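Q: I'd like to learn how to read helix packing and pockets in a model. Could you take me through it?
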Amino acid sequence: MKGMAVCDYGRPLERMELPAPDLRPGHALLEVLTCGVCFSDVKTSRGKMPYSPDLALPHVPGHEICARVLGTDPRGALEPGIAVVVHHVWPCRRCDRCCAGQENICREPEAWMGFTHPGGFQERLVAPIDRLTPVPPGIDAVHAAPMTCALGTAYRSVVTRGRVAAGTRVVVIGLGGVGLHALQVAHAVGALAIGLDVSDRAIGAAHELGLDARRGDAAGIEAELLAASGGEAADVVVDTVGRDATIRQAERLVRPGGRIVAVGYAVDTSFAVPAARFVLEEVELIGSRYVQRDELARAIRLVADGRVRMVVDRVTPLEQANDALAALEANEVVGRVVLDVAGVT
């Protein structure tokens, strides 16, 4: 069974022959059809994640997986041949966060697929049955794979953590794989949403989707946004970049009593909001991590109903995974790169 693995943080991924997985109780045997490539895969492959010093190599990345069910134990739990996407956090179901219904921040996950445990840059894998969500008819494998992270993370940050609803004034900073979908989700729920980026390609992609997007580094952009909203600052700012400069911009854009939702991050970055605003104006700074399974199902319904479009920049064979990582590092990607693992295109 072929796969692409991290063998050394200073070298490209290497093609490897991997042992075929064994089906075990409570799990499904899956043929990986496609796997989205996220910037987290870049950081995992380059040794820039919090767990990197302790990660055993070789390691197979990839956490945005669309797969075909080959079989289940118990037999018949899922119909063989159906397409599914895989929720990449496999919770312990015992810790206090799992017991509180917050499986996405489980303290001791059974696996964190593609991050600390083998992921989708390989032909087959085994996953717990309850981590699988069927793909609705009409969504192909290329566009299904990024729904688990690019879409799911966007949905949670906007709807659950941001509490965005019809009429909410929203600014999304960063129109990458998560940001383009976050802007669409905000628009789909009726928010007055504007996206910011420094890439003309990303802004153009947002315009093609019928969305309002502007250069975040343009002179006077913050005054321009205030004027566009009748002098009202944003109720919610979603920062998908997670740099000092973008958090500072989010703080300048948010109204008193508003919320900044941080999605992007780097291990060497700390977020800060001026104390006077934080206390006297009750500005909230909250994090948002991945997605719960019920949220993911609702997010996928937005795609199935045509209210959100998955943005895929390019599709490449599994063997060209290094090219996909390099394109992300060079900021050449709008939306997602998807690896065609099973030759579906």
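Q: How are H4 and H10 oriented to each other?
A: Two packed helices are described by the angle between their axes and the distance between the axes. This is a predicted model: local features need pLDDT of at least 70, side-chain atom pairs count only at pLDDT 80 or more, and totals for chains, interfaces and linings use all residues. Residues are numbered from 1 along each chain as its sequence is written, and side-chain values use heavy atoms, without hydrogens and water. Here, H4 (residues 150-161) packs on H10 (residues 293-304) at about 105°, with the axes 9 Å apart. H4 and H10 are therefore roughly perpendicular to each other (65 to 115 degrees; under 35 is roughly parallel, over 145 roughly antiparallel, the rest oblique).

Q: Which residues of H4 and H10 make the contact?
A: Among them are Leu 151 and Tyr 155 of H4, and Leu 296 and Ile 300 of H10 (contact means heavy atoms within 4.5 Å).

Q: How are H4 and H5 oriented to each other?
A: H4 and H5 (residues 177-188) pack at about 50°, with their axes 8 Å apart, so they are oblique to each other. Val 158 and Val 159 are among the H4 residues here, meeting H5 residues that include Val 178 and Val 185.

Q: Which strand gives the most to the lining of the second largest pocket?
A: Rolling a probe the size of a water molecule over the atoms shows where empty space is left. Strand E8 (residues 124-128) gives the most, with 3 residues.

Key:
Axes are lines fitted to C-alpha atoms, for helices over the stretch in contact, and angles run from 0 to 180 degrees between N-to-C directions. Helices (H or I, at least four residues) and strands (E, at least two) are DSSP runs, numbered from the N terminus.
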